[in-house]
Amino acid sequence: MATDYSDFEFERRFLVRDLPDVLRDAPSLIVQSYYLSDGGYALRVRAQAGGVEAALDATSDARDVLARWRDRVDFAAMTVKGPSAGGTRYEAERELDPLVAVELVRRGGARVVKTRYAAWLGADGWSIDVFGGANHPLIVAECERSGPVTELQIPDFCVTEITDDRRFSNESLAVRPYGEWAAAYAEELAAHGPAFREDFGPNQELGGL
């Protein structure tokens, strides 16, 4: 019997410092609100506007950005997530009416605002999230597959792997933004150095970007 992975996500995530300009293509504005963020469990409402480059920075307010671009929202969903373990996480996503989602995000929860860029790198599709507001200047790249992400070609702009570092999950960033602990993390990274998981099979560096 085939295993049904439809309500699971398999991904690996990486910290990025400098995103090549050539990859700042196919943007989507994402404003999402977390109504639950506890112990790796999350309930999220997302409003997404494809083709919108909102030029986010540290002053960007999620509600203001959403108000400006609400007429461009073309996808919305409510998602329930479980804790991540080894790059695998329970995720059940169901589409919502965009107008309903906009109101839910606007009225409640802890919000995150970001621009997502999509790129095909090596053998995989990647999403690169550039955060605004209190999470600026955080950039996170992720590769997601329909099964475990093994033997991955990792772009050379990825600084270190953060796949199971809960601090970098969006639900954690919504309640404890990157700006509050970026300096401490930089010291931690300098002390211990970058790390890439080897338990998913051999990694390969993907250069030339």
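This tour moves through the structure one selection at a time and says what is found at each stop.

**Before starting**

The model is predicted: local features need pLDDT of at least 70, side-chain atom pairs count only at pLDDT 80 or more, and totals for chains, interfaces and linings use all residues. Residues are numbered from 1 along each chain as its sequence is written, and side-chain values use heavy atoms, with hydrogens and water left out.

Helices (H or I, at least four residues) and strands (E, at least two) are DSSP runs, numbered from the N terminus. Buried means under 20% relative accessible area, exposed over 50%, and partly exposed in between (1.4 Å probe, protein chains only).

**Stop 1**

Select residues 41–50, which make up strand E3. Of the 10 residues of this strand, 7 are buried, so E3 is largely enclosed by the rest of the structure.

Next, select strand E4, residues 75–81. E4 and E3 are antiparallel as well, with 7 bridges, and here Arg44 stands opposite Thr79 in E4.

**Stop 2: an aromatic pair between strands**

The structure holds 7 aromatic pairs. Rings of Phe, Tyr and Trp (its six-membered ring) pair if their centres lie within 6.5 Å; planes under 30 degrees apart count as stacked, over 60 as edge-to-face and the rest as tilted.

Select Phe14 and Trp126. Their ring centres are 5.8 Å apart and the planes stand at 40°, so the pair is tilted. Phe14 lies in strand E1 (residues 8–16) and Trp126 in strand E7 (residues 124–131), so the pair ties together parts that are 112 residues apart in sequence. Both Phe14 and Trp126 are buried.

**Stop 3: an aromatic cluster**

Move on to Phe168 and Tyr185, which form an edge-to-face pair with 5.1 Å from centre to centre and 80° between the planes. Phe168 is in the loop between strand E10 (158–161) and helix H3 (170–175), whereas Tyr185 belongs to helix H4 (residues 182–192); the two are 17 residues apart. Phe168 is buried at 0% relative accessibility, and Tyr185 is buried with a relative accessible area of 6%.

**Stop 4: salt bridges**

The structure holds 18 salt bridges. In each, a side-chain nitrogen of Lys or Arg is within 4 Å of a carboxyl oxygen of Asp or Glu.

Select Arg12 and Glu161, whose side chains meet in a salt bridge of 2.9 Å, N to O. The pair links strand E1, which holds Arg12, to strand E10, which holds Glu161, across 149 residues. Arg12 is buried, with a relative accessible area of 0%, and Glu161 counts as buried at 10%.

Arg13 forms a salt bridge with Glu142, the closest N and O atoms being 3.5 Å apart. Arg13 lies in E1 and Glu142 in strand E8 (residues 139–145), so this pair ties together parts 129 residues apart in sequence. Both Arg13 and Glu142 are buried.

Which side chain meets that of Arg197 in a salt bridge? The partner is Asp164, at 2.5 Å, N to O. Arg197 is in the loop between H4 and strand E11 (204–206), and Asp164 is in the loop between E10 and H3, 33 residues apart. Arg197 is partly exposed, with a relative accessible area of 24%, and Asp164 is partly exposed at 34%.

Finally, select Arg70, Glu103, Arg106 and Arg107, which salt bridges link in a network.

**Stop 5**

Select residues 98–107, helix H2, where the buried residues are Ala101, Val102 and Val105. These residues cover an arc of only 100° around the axis (taken from the directions from the helix axis to the C-beta atoms), which puts them on the same side of H2. On the other side of H2, Leu99 and Arg107 are exposed.

Methods: Pairing = 2+ DSSP bridges.
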